[in-house]
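Let's take a walk through a protein chain together. Have the sequence and the 3D view open as you read.

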Amino acid sequence: MTTTPARNLGLFAQLLDPAHRADPYPLYHRIREHGPVRLGGAPVVVLSSYQDCATVLRDKASSVERHYASIPLGPTPVHDLAGDLAGELTGIAPMLFRDNPDHARLRRLVAATFTPAVVRRMEPRITAIADAALDRAAERGQLDIVADLAGPLPVTVICELLGVPLDDEPLIRGWSTGLARALDPVSATATTGRPDPAALVSDNNALHDYFEQLVRHRRTRPGDDLVSALIVAEDSGQALSHDELITTCALLLIAGHETTVNLISNTVLALLSHRLHRQILRVAPPFVTSVVEESLRYDPPVQLVPRIAREAIQLPDITIAAGDFIVMLLAAANRDPAVFADPDRFDPARANRHLAFGLGQHFCLGAPLARLEATVAINCFARRVIDPRLVSDPPSYREHVTLRGPAAMPVTFASIASANAA
Ligand code: HEM
């Protein structure tokens, strides 16, 4: 369908508008119905169909390195803050922002350490953390899914995995939440809601300095944690450099803080608003796995991912030129009716090949951990929280666009059963 550049820009600007944060899906449908769009005549292309996103995610010509952009991104309709600030940030880019061969080398070293077996061993500990969170809520007689369960669970797990003292967590959480906003595309014309660049630089550099010290400490006093394992990780005679170690730890920590919280919250929200909670109690674990997969499709914690075209990429309805900035709306692709029948229906029984964890070389390295944490959290919640009801549907949302999720989600309940009784 043909649309004017100004109209395309208007549609995209609405996506960044906080007014659409609670339910951006009607807007995603409208954007996808227009087909791939170029924004305001600028070298910025927005893709929203499943096929276009999957093709570009797999295409070797699509890069995550910002220097391939044909013009500085600041003056374009989409302001890419992370890219703009790159020169001011201490440290080097982590694997998420590196192409091959560096990307493959870094990923192999980390994947050898952060394995599915390491994750599986965490299950009893993850269950204990979820149960302890519900015990505290039972004592208080109040439960906010985000503040009491979905937030603390992944944060505690990633801190314990990395060997970060939990006492330091509030400090780290502040930096991490700030940095998550650097992933948001910002409408260059927006006057409100823009992240403060100086704050982003300061958060990044504080997190870098924190891990600089932790890595130095672990070199002399190794522990039973991922940082210590990454220090000695080796692949064909290669190891992570000191700077690579620091940015890898920071990436894992931010990913652990900012994503799974939304998966757990979104899944509880979907269950309660679709009244599936009782069903879960009857059929239990295998069904919970499908519920989590459907939640990843239906309301993905990472709504969009960016790329730069290193060379021209030909799609059925658009030619992406070398140097174009590409925004892929994974959340729109996950509701593409060409792939998912009745896409606005929350249906855990459907065959699910969603794009919530991306695709291709940058496919989420933390997917096994995220899936396990969410499955454990939902199982504990379903077993123990009796007659839960949402106080507000929809709940209030965080201002983040890329990592979208509820800010708070209080629920009322009849009681919270003890972990042993449930
Ligand atoms: C529900 C939770 C999560 C979701 C939805 C999610 C989603 C994603 C997505 C979409 C990507 C690809 C980004 C791109 O292609 O540009 C990605 C990459 C990545 N994720 Fe996750 N993630 C989650 C949890 C985690 C966790 C818990 C960790 C680790 C603690 C993690 C670590 C990573 C890493 C290291 C990458 C970069 C992989 C690479 O560049 O090769 N993620 N994630």
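Predicted model: local features only at pLDDT ≥ 70, side-chain atom pairs only at ≥ 80, totals over all residues.

Is threonine 113 buried or exposed? Its relative accessible area is 11%, and the cut-off for buried is under 20%, so threonine 113 counts as buried. Setting aside residues up to four places away in sequence, threonine 113 touches Val118, Leu226, Ala229, Leu230 and Ala233.

Now try another loop residue. Leucine 96 lies in the loop between helix H4 (81–84) and H5. With a relative accessible area of 36%, leucine 96 is partly exposed. If you skip residues up to four places away in sequence, leucine 96 touches Val64, Leu251 and His362. Leucine 96 and glutamine 361 are 265 residues apart in sequence, yet their C-alpha atoms are 9.7 Å apart in space.

**The whole chain**

Time to zoom out. The chain has 18 helices and 16 strands. Of its 422 residues, 57% are buried. Take the contacts between residues at least 6 apart in sequence: 76% of them join residues at least 24 apart.

**Inside the cores**

Which residues touch the most other members of the largest nonpolar core? In this core of 85 residues, they are Phe114, Leu143, Leu162, Val164, Leu207 and Phe211. The element that gives the most to this core is helix H18 (residues 367–384), with 10 residues. There's also a second, separate core of 23 residues, and its members include Tyr50, Ala180, Val302 and Met328.

Leaving out neighbours within four places in sequence, leucine 143 is in contact with Leu134, Ala137, Asp148, Phe381, Val385, Met409, Pro410, Val411, Phe413 and Ile416.

| Helix pair | Axes come within | Crossing angle |
|---|---|---|
| H10 (residues 169–180) and H11 (residues 197–220) | 9 Å | roughly 135 degrees |
| H14 (residues 260–273) and H18 | 9 Å | roughly 40 degrees |

On the H14 side, the contact is made by Thr260, Leu263, Ile264, Thr267, Val268, Leu271 and Leu272, while H18 brings Ala370, Glu373, Ala374, Ala377, Ile378 and Phe381. Sorted by class, that contact has 10 nonpolar, two polar and one charged residues.

H10 and H11 are oblique to each other as well, but their crossing is left-handed. H10 takes part through Ile172, Gly174, Trp175, Gly178 and Leu179, and H11 through Leu200, Asp203, Asn204, Ala206, Leu207 and Tyr210. By class, the contact of H10 with H11 has seven nonpolar, three polar and one charged residues.

Definitions and conventions. Residues numbered from 1 in each chain as written. Heavy atoms only, no water. Core = buried A, V, L, I, M, F, W, Y, C linked by side-chain atoms within 4.5 Å. Buried < 20%, exposed > 50% of the residue type's maximum accessible area, 1.4 Å probe, protein only. Helix = DSSP H or I, 4+ residues; strand = E, 2+ residues; numbered from the N terminus. Contact = heavy atoms within 4.5 Å. Axes fitted to C-alpha atoms, helices over the stretch in contact; angles between N-to-C directions. Parallel < 35°, antiparallel > 145°, perpendicular 65-115°, else oblique. Left-handed = near helix turned anticlockwise from the far one by under 90°. Nonpolar A, V, L, I, M, F, W, Y, C, P; charged D, E, K, R; others polar.
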